[in-house]
Amino acid sequence: MTAKAEGPERRFEFDDLTGAVAPAAVEVELGAGFEESLRRLLDPGSGRRSLHWGRSYLYEAGWRGAAQAGEKAVVVKQFRHDDLRARLRRRRRGSRARLSFLAARRLRRLGIPTPEPLLYAESNTIDGPAWYVCRLVPDALELRYVLRALNAGAGPEQFPGIHGPTLLRRVGALAAELHRHGVWFRDLTSGNVLLSAPATDAELFLVDLNRARFRRRLSTSQRLRDLSRMPVLRPEDRAEYLAGYRPGGLPRLQRIWFEICHRAFRFKLGSKQGARRGLRRLSDLLLPRRRAHPHVPDAERGATATERTVWDPLTDQPHQQATRGQRLGVRLRDAGHHARPLLRSAGPLLLSVAEAHGRRRALDRAPAPVRFGGLGVAVGPGSAPVASLAGAIEELGVGTVLLRFHLWQGVDRDLLELARTLRRGERPVDLVFQLGQDRSLVRDAGLWRRRVEEAATALAPCGRRFLIGQAPNRSKWGVWRPADYWSLLAAGAEAVRAQRRDACVLAPAVIDFEPHATAALIHSGRPECRFDVLASQLYVDRRGAPENRQLGFDLAGKLAVLRSLARRAPDCASGRSWVTEFNWPLAEGPHAPAGRDVAVDEDAQASYLVRYALDALGTGLAERVYWWQLAAAGYGLLDPRGGGLRKRPAWLALRQLQRELAGAEVVRLRMPSGLRGYRAVRDGREIRVVWALDDRGRSYRPRSDVRAVRDRDGRELDRVPAVLAGAPVYLECETGCPARAPA
């Protein structure tokens, strides 16, 4: 490693990283200690929270710049250079991280506000990532949210501390200051202006600086094109914005020119979004390289298509590095191995689909009461300390927990200790042990058997339920042919039954709603592949709300298909159906397992959890459902980042659902169009859970005997909302009658 001065900043160079540090950012030598802290800072896994997830990824982290100083909150912006255009731009002008760093230092010398730049780093390969680090502006508010409110005419209601015309004049004056100094910003949009607080006189900061150009003097065209990017849509607001830029506004010809540029930019922005979606789909089909987040390692050089899987520690799952074309080639080669099970199961599948349609219609016509129970959570290895997890499970009040073991790593000692802790507790918890595989265990049958035997020996004293395998319909988990999974199931079932004669075996854990894959795997025709309960990892996150349809079925319809398949399958001994995994990923960058397009915010995640559990358990179509998982960044009920376990709204929502309905007799209500609800009776109390099926909300007239109202998370409300939204509401009513379907 070498360090040298380059102007006012201090340069560093490691084996695979180069960059520079601002003079005040680090007061220690740029040696091994600095390298270790820098690499930790640039690891997205060290982020405290996600700030933005798009073409670039921004997260908040802690940074200790001086030997004795405390840790400061910083923003890390990670740039990617994995497409041809980005690589060419980097070769011509340098990385966007370096450009951002240099532009930030130059703007601050000119007296133009931008968060303090601390350092930049870039990988030595042209297609590798680069990082820009600056000081965090606490409680920053993006101007975009204020402008959206002003454009909708709701500025005073949403931001009472902000006087819109005055703020717009200040933004215009900031643009004028840039142009006076010859700065052509080239991306002067509302997302790149931060307010230090939601107040009119808040300090303004410019961010996203890599496109800025510094000139002696700007042309009229450059100035107007810069100004026109700000999405100020109402004419009166644009007049205030331009008055801030130039007292009295722009001259007439320049104002016309501005309006043309403004409308052209809005049109270009809208058309680009549609074009990008189409090009992304096309590139996914044609390009030979699958784009992964930069932290995901490459597959081994020369590895075959079936061996190109690597582990992604941030999403806690494998990543398939084989391209779609490579996988298609394997599928075509193995077509015969897939065709026979599909043909064998086609008849039962068609009968199950027809039966499910009838059962789904009957649910609307004459719903039957069921006992509400079976709501559980799942825990994976390395998520949080055992004591913290045990305490959280106790507080949630769930009666069943699934523990997932990655057997290629052996029996996880922390999970084993958690199992023993939960079994020793005052309130025993029913445990399910999932024994997962990777490609190495699929290839080596002897190693798989030994690992299962080790796990069964250790876990048998804690419980008798074992789920064999993980997502056999996804090649990233190592299974390419149905026979691969049947071998895992046969050996695993034999091993656990040898330890416990009363063992309950679950299979096959098909992920997502793919009934053809489920049907094929549970019609093996092999007596050694018999199991007791059909397990499904029924994620519906790609459809948004759980009530949305896929292949003609909403969630209740999908569950009806699975239950009918379980009843007809020769491999399933009981006809019982459980959902062993479901969740909705959050917009938290590389921690979200299903990608940005299906990510939701924390509030929507919590509402969807309750609605999913009620439509599954409140109809009796699933015997149990498990949220994956209890503690995880990106999707868990608890967020383990930043020290401790932060309770997300979904954690509060699940706890409240369990408190309100566990053990109650529940029946689905017939509600007006656009509304959904359930009625539950327990201990002489009647609880009604109601919500709207869309975000627009629906008016609702409750019964007159409502004596208490609680929101989704358990907070008391003064009255029943006149308009129901997507978040369920609990209404406690005056009755002790047994639950029955309403007339």
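Is aspartate 683 buried or exposed, and at what relative accessibility?

Modeller: The model is predicted, and the account below should be read accordingly. Aspartate 683 counts as exposed, because its relative accessibility is 72% and the exposed class begins over 50%. Its side chain meets that of arginine 682 in a salt bridge, with an N to O distance of 3.9 Å. Salt bridges with shared partners also unite Glu588, Glu602, Asp639, Arg641, Arg646 and Arg648 in one network.

The count of salt bridges comes to 62. One of them pairs arginine 624 with aspartate 430 at 2.8 Å, N to O. Arginine 624 belongs to strand β24 (residues 624-628) and aspartate 430 to strand β19 (residues 430-436), so this contact ties together parts 194 residues apart in sequence. Arginine 624 counts as buried because its relative accessibility is 13%, whereas aspartate 430, at 23%, is partly exposed.

A further salt bridge joins glutamate 494 and arginine 449, whose closest N and O atoms are 3.3 Å apart. Here the link runs between helix α16 (residues 482-499), which holds glutamate 494, and helix α15 (residues 445-459), which holds arginine 449; the two residues are 45 apart. Both partners are partly exposed, glutamate 494 with a relative accessible area of 48% and arginine 449 at 30%.

There is also a surface patch of positive charge, in which Arg55, Arg85, Arg225, Lys268 and Arg596 gather. Within this group, lysine 268 is placed in helix α9 (residues 252-286) and counts as partly exposed at 42% relative accessibility.

Notes:
Residues are numbered from 1 along each chain as its sequence is written. This is a predicted model: local features need pLDDT of at least 70, side-chain atom pairs count only at pLDDT 80 or more; totals for chains, interfaces and linings use all residues. Side-chain values use heavy atoms; hydrogens and water are left out. Patches are made of residues with over 30% relative accessible area and no salt bridge: like charges are joined within 9 Å, nonpolar side chains (Val, Leu, Ile, Met, Phe, Trp, Tyr) within 5 Å. Accessible areas come from the Shrake-Rupley method with a 1.4 Å probe; for residues, only the protein chains shown count as cover. A salt bridge is a side-chain nitrogen of Lys or Arg within 4 Å of a carboxyl oxygen of Asp or Glu. Lys and Arg count as positive and Asp and Glu as negative; His and the chain ends are not counted. The place of a charge is taken as NZ of Lys, CZ of Arg, CG of Asp or CD of Glu. Helices (H or I, at least four residues) and strands (E, at least two) are DSSP runs, numbered from the N terminus. Buried means under 20% relative accessible area, exposed over 50%, partly exposed in between (1.4 Å probe, protein chains only).
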